[in-house]
Amino acid sequence: MDVEVSRLSNGLTVATETLPSIETTALGIWVKSGARNERADEHGMAHLLEHMAFKGTSGRSAFQIASEIENVGGEINAATSVETTSFYARVLSEDVPLAVDILADILQDSTFDPDELEREQNVILQEIGAAHDTPDDIVFDRFTETAYRNQTIGRSILGTPETVQSFSSKQLHAFMERQYSAEEMVVVAAGDIKHDAFVRDVEKKLGGFRAKAEGNIPQAASYVGGDYREERDLMDAQVVLGFEGRAYHVRDFYASQVLSMILGGGMSSRLFQEVREKRGLCYSVYAFHWGFSDTGIFGIHAATGLSDIGKLVPVIIEELQKAGERIDQSELDRARAQYRAGLIMSAESAASRASQIARQILLFGRPIAKEELMERLSALTVERLTDLSARMFSTLPTVTGVGPVGTLASYDQIRDSLAGSAPVLRKLAV
């Protein structure tokens with residue numbers, strides 16, 4: 001079944017996809033505003049706003065919001081990312097109108113009660129503390145902060161204890177009024193859903209939502225790279241080595257996604273086989289590529305012990321350099337198969353499918369058919385991937401380490417070895 005899309009008079013986009021084998025409906029409101037839209041003194045506000053969404057409206061208490069959806073066996077939640085915020089639910093099909101009503105209510109009429117705000121600020125302070133105490137979480141925060149130094153895109157979504165504690169109900173209302181508008185939102189449902197009936201439900205509850213808002217245009221991203229190390233008395237060291245990736249809209253975005261699978265997308269990937277299976281230098285290693293609206297970041301994460309950290313990075317660098325020389329057709333075919341299987345598997349989850357459709361509409365202005373995605377993947381060649389590897393992995397790196405990182409090679413050594421100097425690479429491995 002194809003995705004059906006309608007647009008309300010206020011500019012709000014409404015999309016549905018009927019999934020015949022699924023008896024429930026996943027639905028939500030996605031807003032093109034996230035942590036990156038915060039001003040300098042608003043660090044963590046988008047995330048706090050997400051938390052406060054379920055803490056009461058003029059007509060419902062926090063308990064009523066939770067109990068009304070759970071009385072019908074449903075679920076409700078929210079999430080904040082760098083560039084979007086979402087409020088979503090999963091219910092039986094007959095309860096879709098109720099879910100729409102609750103989601104519209106929290107979006108338009110949240111009170112941000114000061115007592116609830118104080119309690120939730122305390123919850124987030126605990127969340128910040130927990131993240132800081134989790135090395136494999138904090139290393140990624142430090143990684144993005146280093147790659148995009150002094151920029152909103154590089155800041156932790158959670159904020160800091162100082163900023164989170166400073167926010168008032170008035171500021172939360174002002175942020176929402178400035179950032180949330182119908183033209184920057186999509187409402188999506190997937191599963192057991194009828195498009196026309198869903199559009200009527202949304203029109204009834206959100207048809208009067210403001211069409212436009214002032215907005216806060218995000219600061220343009222500028223990848224700078226660099227080095228961050230935090231010595232901690234831990235059993236294992238968390239290391240991330242990264243490079244500037246590709247934005248969603250550029251030619252090499254899908255090539256970068258596939259390249260991350262070839263290098264570290266599973267047990268058959270190059271890094272897993274060479275670093276973990278053959279050499280036993282770490283218990284975890286994988287590659288990733290994150291796309292954003294105007295930039296991207298490619299990285300390799302590994303966790304290893306003190307005795308192996310000095311040997312680990314040279315082996316990773318060697319594998320990256322090999323990718324710039326040769327990628328086998330069988331590796332490309334396997335990565336394409338993984339991508340295709342991922343698309344099919346996600347379509348079996350109504351929640352995953354709703355999120356995917358919303359993301360595509362916000363980014364590209366339309367849903368993208370699975371067949372179109374596969375055509376883009378089919379156009380990739382091993383020559384294109386080796387060329388991308390050679391270009392990407394010879395640029396300025398970002399190196400981040402947390403734990404017993406004293407024997408990790410210096411940033412200058414890592415940078416010079418990536419530039420292609422064989423003597424430096426040999427020295428690095430000593």
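Select strands S1 and S2 to begin: the two pair in the antiparallel sense over 4 bridges, where strands are DSSP runs of E with at least two residues, helices are runs of H or I with at least four, both numbered from the N terminus, and two strands count as paired if DSSP finds at least two bridges between them. Within this pair, Glu4 stands opposite Thr16 in S2, and the hairpin has 5 residues between its strands, with Gly11 taking a positive phi near 100°. The model is predicted, so that local features need pLDDT of at least 70 and side-chain atom pairs count only at pLDDT 80 or more, while totals for chains, interfaces and linings use all residues. Residues are numbered from 1 along each chain as its sequence is written, and side-chain values use heavy atoms, with hydrogens and water left out.

**The sheet around the hairpin**

**Ala26**

Select Ala26 next, which is found in strand S3. Is Ala26 buried or exposed? At 4% relative accessibility, Ala26 counts as buried, the term being used for a relative accessible area under 20%, with exposed meaning over 50% and partly exposed in between, for a 1.4 Å probe and protein chains only. The C-alpha atoms of Ala26 and Arg90 are separated by 4.3 Å, although the two residues are 64 residues apart along the chain. Leaving aside neighbours within four places in sequence, Ala26 is in contact with residues including Ala89, Val188, Ala190 and Ala354.

**Two residues with positive phi**

Move to the loop between helix H3 (96–109) and helix H4 (114–132), where Phe112 is found. Phi of Phe112 is near 55°, a positive value in a residue other than glycine, and Phe112 is buried, with a relative accessible area of 2%. Asn150, in the loop between H5 and helix H6 (161–166), likewise is not a glycine and has a positive phi of about 60°, but Asn150 counts as exposed at 73% relative accessibility.

**Helix H15 and Asp252**

Select helix H15 (residues 382–392), whose buried residues include Arg384, Leu385, Leu388 and Met392. The buried residues of H15 pack against strand S8 (236–244), helix H9 (253–264), strand S10 (296–305), helix H11 (309–323) and helix H12 (329–347). In the loop between S8 and H9 lies Asp252, which is buried with a relative accessible area of 7%. Its side chain is joined to that of Arg391 by a polar contact of 3.1 Å, a polar contact being a pair of N or O atoms within 3.5 Å of which, within protein, one must be able to donate a hydrogen and the other to accept it, and residues adjacent in sequence count only if both atoms are side-chain atoms. Not counting residues up to four places away in sequence, Asp252 touches Arg246, Arg384, Leu388 and Arg391.

**Glu331**

Go on to helix H12, where Glu331 is found. Glu331 is buried, with a relative accessible area of 9%, and its side chain reaches the backbone nitrogen of Asp328 at 2.9 Å. Glu331 also touches Ile262 and Arg270, not counting residues up to four places away in sequence.

How values were computed: Contact = heavy atoms within 4.5 Å.
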